[in-house]
Amino acid sequence: MQRDEQIFELIQAENERQLHGLELIASENFVSEQVMEAAGSVLTNKYAEGYPGKRYYGGCEVVDEVEQIAIDRAKALFGAEYVNVQPHSGSQANTAVYHACLTPGDKILGFDLSHGGHLTHGSPVNFSGKLYNPVFYGVEEETGVLNYDKIQEIATKEQPKLIIAGASAYSRDIDFARFRVIADSVGAILMADISHPAGMIAKGILNDPMPHCHIVTTTTHKTLRGPRGGMIMMGKDFDNPFGITLKDGSLRKMSSLLDSAVFPGNQGGPLEHIIAAKAIAFGEALTDEFLHYQLQVKANAAALAKALVAKGYNIISGGTDNHCMLIDLRNKDISGKDAEQALVKADITVNKNMVPFDTRSPFVTSGIRIGAAAVTTRGLKEAEMEQIVELIDEVIMNYQDEAVLEAVADKVNALMADRPLFVA
Ligand code: PLP
């Protein structure tokens, strides 16, 4: 068969874009060669509906081993008693948890999307806001941080069945122990969505949700630096609180409900090539090098925030504890959309983002979100973070001046020249 040059040329073009540019999108990262190799392997050819040892297809002996290794490594990495590595994405992981714990119309309490939450935490444009009855908590206007007393008040008033602790754009550590007190006070199930800071949590740099939250979901491709995908975990399995019994009359375990919610409830065949890539990424994450990487991500994010504040940029909450931050551009006379577009012309990739209490629409926004996970994988350190802030500022101050944007792109390309995507 003829090689599909049309697509391979585009893949090469994307490779060049990634190599020459500065990747500051907080949810992105660069995987290792071996993670990429597994993701592009013959495992993509295999159907394996079911779970290791209990499949609906023949010939699953090899993928059974692969999936079991992925599960075991994830358990070791996060200190979890239960792991399901099959969700195709973070959204699928959250869908499966809701499917296992809720019936349509049930109330859920999540982090407001416009304050830093995720679509799947109850947004009206997402299945989570259409199928369930969402109420929200958010950050304080003056401080940009969560006020746990207020979350308690909302929970007491609204009596949600499920509470979601976690965010897509929140730069502060989350107090999962406090969330558990709130959940227990109203008899709610507590789910942590650690998609963004999972890599830092795995290495003990941020608060650990596992002892406090009933269920923990994550993506595998952000700070965790694995292939695109999702995962569901529990620190400890427990009897389901919904009275769902087995044939012998005993209560079904939550693990059993979650497994059924993923398959057959929500997905068909698992992506065993991606599960192999997850296993490799978890193996990498278990090493000391990964701890050094996460410490550098944290140091780089702090350096970015410090340099931005020094240049008069408002960071929501004033700084960062993790890999990311939200920049409020309302004092800079530029929208998030214009900033994103100008930065892209200068080969710097960020995403526009609503800021808390934003008056602009989600298509325009007043902010941008940036993160340090990807640039740290490329080997950049604190000194380069200061250079990056100089470049961002040059773009934002001259966003309509094409000559300046081109000159900044040249500087970006020089900074990134001869750096592989993944520095071992
Ligand atoms: N949960 C959070 C907190 C996220 O930030 C994201 C992705 O950005 C997701 C879930 C969804 O992940 P995916 O894009 O893999 O569906």
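I began with how α14 passes α15, and in this predicted model the crossing is left-handed. I then looked up the axes of helix α14 (residues 382-397) and helix α15 (residues 402-416), which come within 9 Å and cross at roughly 165°. Since angles over 145 degrees count as roughly antiparallel, I noted α14 and α15 as therefore roughly antiparallel to each other.

For the contact itself I listed Glu384, Gln387, Leu391, Glu394 and Val395 on the α14 side, which meet Val404, Leu405, Val408, Lys411, Val412 and Leu415 in α15. The residues of this contact divide into seven nonpolar, one polar and three charged.

Next I turned to the sheet, an open one in which seven strands follow the order β4-β10-β9-β8-β7-β5-β6 with mixed pairing. I marked β4 (82-84) and β6 (133-137) as the edges, because each has a single partner strand, so one side of each is left without a neighbour in the sheet. Neighbouring strands are turned by 20° against each other on average, direction ignored.

At one end I followed strand β5 (residues 107-111), which pairs with β6 in the parallel sense over five bridges, and I found Leu109 opposite Val135 in β6. I also noted that helix α9 (residues 254-262) packs on the sheet, where α9 touches β4 and β10 (230-234) and its direction makes about 5° with that of β4.

Last, I looked at the ligand, which 15 residues surround, the closest being Ser89, Gly90, Ser91, Ser168 and Ser195. Helix α4 (residues 90-101) gives the most to this shell, with three residues, and the shell divides into one nonpolar, 13 polar and one charged.

Notes. Residues are numbered from 1 along each chain as its sequence is written. This is a predicted model: local features need pLDDT of at least 70, side-chain atom pairs count only at pLDDT 80 or more; totals for chains, interfaces and linings use all residues. Axes are lines fitted to C-alpha atoms, for helices over the stretch in contact, and angles run from 0 to 180 degrees between N-to-C directions. Helices (H or I, at least four residues) and strands (E, at least two) are DSSP runs, numbered from the N terminus. Angles under 35 degrees count as roughly parallel, over 145 as roughly antiparallel, 65 to 115 as roughly perpendicular and the rest as oblique. A crossing is left-handed if the near helix is turned anticlockwise from the far one by less than a right angle, and right-handed if clockwise. Two residues are in contact if their C-beta atoms, placed from the backbone, lie within 7 Å. Ala, Val, Leu, Ile, Met, Phe, Trp, Tyr, Cys and Pro count as nonpolar, Asp, Glu, Lys and Arg as charged, and the others, Gly among them, as polar. A residue is near a molecule or strand if its C-beta atom, placed from the backbone, lies within 6 Å of it. Two strands pair if DSSP finds at least two bridges between them.
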